[in-house]
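Work through the two exercises below with the sequence and the coordinates at hand. Each task is followed by a solution in steps.

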Amino acid sequence: MSGNIAAPGSQSSLREANSARIVDTVKRYGRITQVELASATGLSAATVSNIVKQLTSQGVVQTQTTIRSGRRAQLVTLARSTGLALGIEVGRRQMRLELSDAAHESTAHQHLPLPVDHRVDTTLDRAALLVMELTEGIGATLDDVIGVGVSLPAPVDPVTGLISVPGIMPGWDDVDVGEVLRRRLNRPVVVDNDANAGALGESRFGALRGVAMGIYVRCSYMTGGGIIMDGHVLHGDRGIAGEIGHVQVDPTGPICRCGSRGCLNTIVGADMIVDLLRLTRGRMSLQDVIHSANEGDPGCRQVIQDAGSAIGNVLADLCMALAPTVIVVGGELAQTGETLLSPIRDAVGGRPLLGGKVEVVPSELGDRAEVLGALAMAQDAGEPAYVHKEAIS
Ligand SMILES: [Zn+2]
């Protein structure tokens with residue numbers, strides 16, 4: 001950063017280190033108050049205030065007065081846009097894109113439906129075209145984009161960038177999504193799984209902000225989890241950590257897409273939920289079921305509650321292994337609110353060793369958790385999963 005390297009241990013080297021810590025933290029959160037900066041960095045309020053003043057005079061950060069919890073607070077952001085980051089969520093039924101500058105002021109976004117079992121070539125073509133449209137739409141070029149983050153609805157190997165469990169996204173298994181987009185856009189591309197992206201999104205911008213050990217569970221057409229440890233996503237070997245949808249809940253149950261028997265997804269996946277209602281409600285989509293549950297249909301509420309109990313039991317086991325303090329519940333099923341959350345809370349709260357200490361809360365980012373996580377991945381370019389670094393040169 002600075003051209004003058006101070007002697008280690010000296011007053012000025014300490015100040016430089018603290019200053020770098022503050023800049024990193026502002027970069028990470030985008031917008032953060034001085035009070036939050038103090039708790040995120042472990043520095044005293046006075047030190048933060050002094051360093052922020054110095055960084056403001058150097059033109060590195062800027063401050064503005066805001067209100068937090070009814071009090072005046074100084075909000076710190078980076079002084080100028082240092083490049084655009086782009087998040088893309090490729091879902092089973094939809095695609096979302098979000099383009100933002102370093103201050104995380106959302107600059108442009110796009111949301112479009114995708115056909116069921118959409119094809120990898122047409123979807124990535126579309127994604128690349130939309131990236132160009134979005135950047136051009138705000139008068140920028142691809143050169144202004146520092147990185148692209150992509151969220152996929154399947155586990156992604158952080159080493160190879162490929163989907164690590166075949167069969168979950170038919171037709172996508174052998175395609176290097178990061179490489180395809182890098183060639184099209186000539187920008188660094190990071191790829192990760194959707195639940196991991198959602199976890200990162202909530203950790204940076206939502207309900208897991210400041211939480212050292214937390215779980216994000218994505219209850220959607222399939223269910224998956226993302227684990228946050230000290231502000232980072234825990235990937236594990238081949239990116240499989242947190243894949244709670246493939247925890248066995250019924251040893252005699254049907255065969256799952258992954259090849260195993262009786263996985264959680266064979267019980268709470270969208271196909272099973274709509275199947276359970278077919279006899280009495282006819283053909284419904286998952287969105288129909290969610291809508292009817294919210295309108296008070298007892299049958300639709302029942303299947304969502306049962307799904308919540310099944311997911312909650314698996315989460316309770318995961319809590320015994322990880323001891324998180326917060327579980328954030330997102331994904332489409334979470335649009336039913338307490339219908340889904342309450343049985344999850346009961347299942348987790350029912351484990352005496354956890355002592356009712358694990359908070360179970362709804363996602364703060366809602367259906368944008370994954371795309372905002374992909375955006376954070378782009379901003380970090382290099383940290384969570386697979387990066388095509390050659391694109392940087
Ligand atoms: Zn499975």
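A cavity is a set of grid points where a 1.4 Å probe fits but cannot get out, and its lining residues are those with an atom within 4 Å of a point. The model examined here is predicted.

**Exercise 1.** Describe the largest cavity and determine which residues and elements line it.

*Solution.* Next, collect the lining, which comprises 23 residues, with Arg92, Pro153, Asp194, Arg218 and Met222 lying nearest the centre of the cavity. The elements that contribute two or more residues to this lining are α6 (194–205) and β10 (223–229). Sorted by class, the lining holds seven nonpolar, eight polar and eight charged residues. Finally, assign the lining to domains: at least three residues come from each of domain 2 (84–197 + 369–392) and domain 3 (207–363).

**Exercise 2.** Identify the donors of the zinc ion and decide on the geometry of the site.

*Solution.* First list the donor atoms, which are ND1 of His246 and the SG atoms of Cys256, Cys258 and Cys263, at 2.0 to 2.3 Å from the zinc ion. Read along the sequence, these donor residues follow the spacing H-x9-C-x1-C-x4-C. Then examine the angles among the four donor atoms, which run from 101 to 124°; because four donors count as tetrahedral if all angles lie between 85 and 135 degrees, the site is tetrahedral.

Note on methods. Residues are numbered from 1 along each chain as its sequence is written. This is a predicted model: local features need pLDDT of at least 70, side-chain atom pairs count only at pLDDT 80 or more; totals for chains, interfaces and linings use all residues. Side-chain values use heavy atoms; hydrogens and water are left out. Donors are N, O and S atoms within 2.8 Å of the metal (3.2 Å for Na, K and Ca); water is not among the atoms, so sites may look incomplete. Four donors count as tetrahedral if all angles lie between 85 and 135 degrees; four count as square planar and six as octahedral if opposite donors are over 155 degrees apart and all others between 65 and 115; anything else is irregular. On a 1 Å grid over the protein atoms alone, a cavity is a set of points where a 1.4 Å probe fits but cannot get out, and a pocket is an open set with protein on both sides within 12 Å along at least five of seven lines; lining residues have an atom within 4 Å of a point. Helices (H or I, at least four residues) and strands (E, at least two) are DSSP runs, numbered from the N terminus. Ala, Val, Leu, Ile, Met, Phe, Trp, Tyr, Cys and Pro count as nonpolar, Asp, Glu, Lys and Arg as charged, and the others, Gly among them, as polar. Domain bounds come from an automatic or database domain assignment.
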